[in-house]
Amino acid sequence: MISREFRILFWVLCVHLAGIYLFTKGFLLTRLALPDRSADTCTSLATHKRAVLLVIDALRFDFIAEHPPEPASPFHHNILTLPRELTAAHPDRSFIFNAHSDPPTTTLQRLKGITTGSLPTFVDAGENFGGSSIHEDSIIHQLNAAGRKIALAGDDTWLSLFPDAFQPNMTFAFDSFNVEDLHTVDQGVIDNLLPLMRHHQRSWHFAIGHGLGVDHVGHRVGPDHPILREKLEQMNTLLRDVVAAMDDDTLLIMLGDHGMDKMGNHGGDNVLETMSALWVYSKVPLSLPDSIIPEAILPTITFPEATVPHRQVQQIDLVPTISLLLGLPIPFNNLGTVIPELFSRDPNGSSLRKAMELNAAQIRRYLDAYRSSSSGKELDAAWHDFSIAWDGISAMDGNRRIVALDNFTRLVLSACRELWAQFNVFLMGAGLAVISLSIVAGWALYSTLRDIADVEWEKWVDDKVWWLFSASAVGSALGYLTHVLLHEYLDGVAMHQTILFAAAISSSFVMIATARPTISFKSIKSLPIFLILHTLCFASNSFTVWEDRIVLFFLISSIIPSVITGFTAPTSRLRYRILGFCALFAICARLMAMSTVCREEQHPYCTVTFYASESSSAPPLTALVLALPVAIAVPRVIRRILKISKSDSGLAATFIPLLFAPSLIAGTMFWMLEWVDSAQVLGDMGDVLRVTRTVLARTTVAVMLIGGLSVWWTSPVCLSISKSQASEASTEEKTEVTVLGFANAFGSPYLIFWLIFFSIVWLMTQLSGQIVLGLSSITLLSYLEITDSVRDVHNLNNAFTSPNASLQLANPNPNHDLSFSEIVPLALLATHTYHGTGHQSTFSSIQWKSAFILGKTLSFPFSHISVTLNTFGSFFLGALAVPLIVLWNVPPLPLSPSHPRPNALRAALAISLYFAVLAFGAAACGAVLRRHLMVWKIFAPRYLGAGFGLWVVDVGVLVGVGVGVGRIRGEIGRVFGSGA
């Protein structure tokens with residue numbers, strides 16, 4: 001039967017998800033893609049019958065630049081040299097550009113850009129692992145409409161975008177998500193593209209080759225590695241073979257879909273991620289050397305740390321350019337501008353002017369169609385500027401007309417970039433309302449549970465659960481009726497969104513109205529200052545950027561009250577115990593902070609230590625040396641802590657040495673083997689090492705989730721019960737029962753439950769992160785001992801000042817009134833561990849390697865779960881550990897007036913409240929600052945992190961309190977009777 005705690009926490013999870021969903025749909029809407037198709041064909045500007053589009057994934061501009069950054073890297077500079085050699089020899093038919101790739105810089109979104117000419121949206125990044133096909137007009141659709149045949153060799157992402165576009169007998173697609181495979185896709189391009197060009201040139205009109213080796217090398221080992229040099233040399237050889245196989249009717253376009261940052265990752269808007277390489281080559285001239293192009297339409301940009309500026313274009317400029325060069329209509333939704341150098345064929349500039357006019361006319365048609373659509377009002381603010389720029393074109397002639405045409409197309413692009421995330425203020429407000437009311441409702445539930453007698457709390461919770469779900473059902477019906485009656489006024493709001501809003505709001509109101517918490521000056525004064533300050537940080541981009549340092553300060557500061565209590569403890573044992581564990585807590589927290597991954601904005605005041613260097617994804621030497629000793633030491637430390645309360649017997653005596661310790665060692669060995677494979681320490685043994693790692697990872701997960709949980713569920717208690725015969729003076733013998741572990745009968749079995757999930761998160765975490773996780777577990781246990789000792793101090797002080805001191809000492813109340821401030825350090829520890837395990841609120845800090853722990857290819861849902869656990873595992877473990885606050889060192893006393901279960905539920909509600917407030921703060925600040933320059937770089941990613949974090953925390957407390965605490969309560973009750 002589902003426990004009452006599970007049901008009420010499930011309601012909390014649903015309300016939070018509803019609020020996050022509604023706000024996200026209003027904050028991160030996708031753009032409107034018009035279904036229209038262009039039909040205006042111009043063949044007079046066509047120069048070629050065929051084209052080869054060669055995509056070298058993650059080819060950054062400096063990889064082909066003639067003047068790379070200084071000092072040049074021996075691993076990726078001056079290696080892929082053919083483009084600059086041919087450009088120097090034939091400047092009229094070879095052109096190199098620094099192409100700006102619009103963020104998010106993920107492959108699927110960039111392929112959408114270079115085929116449709118449109119802009120991606122922020123939330124499109126999530127589609128990179130499962131994109132849907134493109135239905136809007138694109139150069140691929142135009143090729144098919146013109147009866148042109150398309151061949152494909154390489155990345156299978158093209159098939160997901162254009163499933164029916166390629167000739168079946170000329171389609172050679174390869175898996176794109178096996179980042180550990182550096183060669184199969186590239187070799188597939190070489191083996192299939194070159195024969196098509198050499199022997200079957202008349203059977204295709206557009207050939208696509210998409211290699212992934214450079215990108216995969218970046219993800220695995222970073223750009224500063226000899227393997228990347230080998231890969232770029234291979235690509236240079238491929239380019240020479242392609243050029244040799246070309247005829248005069250073939251156009252070659254070589255590009256990187258995006259760049260890569262210093263560590264080889266991509267996905268965000270870092271300048272290194274958005275600067276991609278573009279090379280266009282033809283065996284016949286494309287421009288005249290004596291033609292003059294206005295300098296105003298030839299912008300340049302200097303690559304970071306380089307000294308010479310280079311010609312810059314927008315990557316989407318390829319779309320109108322290729323279309324006209326092949327005699328095709330420009331795709332309807334295109335916002336790119338033709339590249340002038342490729343149309344400068346006559347001294348008076350007539351070809352360029354005609355190309356620009358066709359381009360501008362296409363964009364004008366797009367604007368007119370967009371403005372007449374349901375989203376047309378978004379253009380109202382910029383329409384006046386568009387009209388002035390468009391009307392000004394007719395008054396110009398010659399080069400001034402070319403500049404005016406360019407100004408118009410670039411003005412439209414700039415304005416649409418500002419609209420790439422369209423805000424629905426109504427949905428944003430609805431989401432904020434739901435989250436804020438869920439906070440009030442959660443606080444009402446948390447506060448009222450404190451005042452409910454233990455004998456009544458179960459009935460009270462059952463009653464509230466019935467009211468909550470009844471109110472949700474009624475609210476859903478009201479939401480449906482409201483949408484039917486008022487849908488004309490609910491612009492951009494779907495029916496299911498109205499139903500979600502009404503259900504969440506109505507149930508929250510019912511909870512607040514029926515709980516009726518008492519608001520007093522004491523309750524207001526007890527508001528946690530660290531939660532308030534933490535939330536206010538999100539109003540500042542600087543504080544958000546440096547959140548990792550701020551959280552460390554908050555975390556160590558949060559135990560200052562315990563330190564003060566330690567100095568005033570009535571006994572030396574408690575004094576040394578509190579101060580000793582406080583020191584251990586602070587030391588471990590500070591050591592965790594030594595593991596850092598730096599945001600772009602933190603430079604130069606931050607040094608990467610989580611990896612071997614800023615440009616490498618390999619573990620540092622310290623992690624390689626310390627990871628295994630830490631994996632061995634953590635189980636020993638845990639047993640030593642359990643030994644304090646004699647709880648290291650029973651299940652703990654077998655589970656920790658036989659299951660838990662080997663699982664940690666296996667998790668560490670997995671990442672050791674990954675490093676051996678990446679660094680090629682043992683040479684070319686990739687397949688053997690991959691199989692070994694897969695078996696190791698799957699065995700660990702199966703043993704812990706199936707075997708560990710089965711053993712724990714069967715007999716979770718950590719007790720050793722022995723009987724002996726005791727002789728008395730009357731010569732009568734009595735049976736004496738000794739129970740070891742009685743003092744921590746609730747806490748120790750729950751810790752075993754927590755360790756099962758800890759071992760899974762350990763496996764999903766890289767070596768440096770495993771050391772941090774080990775320190776985090778010691779920090780957690782230290783805090784539990786601190787909290788228990790502080791309670792003992794308070795109990796002793798109360799007993800000494802009470803007139804019934806002897807009675808109070810004889811019947812201590814181990815389940816004291818839980819304080820919200822006791823939960824705050826756990827929430828801060830979870831956030832601190834998140835940063836220490838190599839994460840920041842940025843896309844580039846996502847550790848994509850974790851997607852391939854359980855297999856060499858991407859597989860749903862295992863890859864998605866492993867990435868989620870790698871990223872947000874610290875929040876899950878923090879939420880799962882919350883019941884330990886009320887269970888640790890709690891004996892099952894028959895005369896105890898309190899019960900651990902309502903306090904465990906209150907603890908779960910408290911940590912959920914903490915992260916709900918953070919999510920509300922991040923959402924509110926993102927909404928208020930939605931026009932801020934840094935909204936997509938700082939505020940939006942932090943909101944997404946807060947939203948995901950809240951979801952993971954809610955799941956954690958659902959598993960912990962709804963499953964773990966209930967099972968332990970039942971078993972302890974069976975062993976000791978109803979008094980437990």
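Me: In this model, what is the handedness of the link of cysteine 598 and cysteine 606?

Reply: The link is left-handed, with -80° about the S-S bond. The model is a predicted one.

Me: What makes the contact of cysteine 598 and cysteine 606 a disulfide?

Reply: The sulfur atoms are 2.0 Å apart. A disulfide requires them to lie within 2.5 Å, so this pair qualifies. The count for the structure comes to 1 disulfide, and both cysteine 598 and cysteine 606 are buried.

Me: Is cysteine 718 buried or exposed, and how do you know?

Reply: Cysteine 718 has a relative accessible area of 0%. Buried means under 20%, so cysteine 718 is buried. Cysteine 416, at 11%, falls under that cut-off and is therefore buried as well.

Me: Why is the pair of phenylalanine 757 and phenylalanine 876 called edge-to-face?

Reply: Among the 32 aromatic pairs of the structure, this one has its ring centres 5.7 Å apart and its planes at 65°. Phenylalanine 757 has a relative accessible area of 15% and phenylalanine 876 has 10%; both values are under 20%, so both residues count as buried.

Me: How do you know that the rings of phenylalanine 875 and phenylalanine 915 are an edge-to-face pair?

Reply: Their centres are 5.4 Å apart and their planes stand at 85°, which is over the 60 degrees required, so the name applies. Phenylalanine 875 belongs to helix α30 and phenylalanine 915 to helix α32 (residues 900-928), so the contact ties together parts 40 residues apart in sequence. Both phenylalanine 875 and phenylalanine 915 are buried.

Me: Which residues form one aromatic cluster with Phe757 and Phe876?

Reply: Trp712, Trp713, Tyr750 and Phe753 form the cluster together with Phe757 and Phe876.

Me: What makes the contact of arginine 4 and aspartate 462 a salt bridge?

Reply: The closest N and O atoms are 3.0 Å apart. The limit is 4 Å, so the contact counts as a salt bridge, one of 27 in the structure. Arginine 4 is in helix α1 (residues 4-27) and aspartate 462 in helix α15, so the bridge ties together parts 458 residues apart in sequence. Arginine 4, at 17% relative accessibility, is buried, whereas aspartate 462, at 27%, is partly exposed.

Me: Which residues are linked with Arg693 in a network of salt bridges?

Reply: Arg220, Glu674, Asp677 and Lys849 are linked with Arg693 in the network. Arginine 693 also lies over the face of phenylalanine 670, at 5.5 Å from the ring centre.

Methods: Residues are numbered from 1 along each chain as its sequence is written. This is a predicted model: local features need pLDDT of at least 70, side-chain atom pairs count only at pLDDT 80 or more; totals for chains, interfaces and linings use all residues. Side-chain values use heavy atoms; hydrogens and water are left out. Rings of Phe, Tyr and Trp (its six-membered ring) pair if their centres lie within 6.5 Å; planes under 30 degrees apart count as stacked, over 60 as edge-to-face and the rest as tilted. Buried means under 20% relative accessible area, exposed over 50%, partly exposed in between (1.4 Å probe, protein chains only). Helices (H or I, at least four residues) and strands (E, at least two) are DSSP runs, numbered from the N terminus. A charge sits over a ring if NZ of Lys or CZ of Arg is within 6 Å of the ring centre and within 35 degrees of the ring normal. A salt bridge is a side-chain nitrogen of Lys or Arg within 4 Å of a carboxyl oxygen of Asp or Glu.
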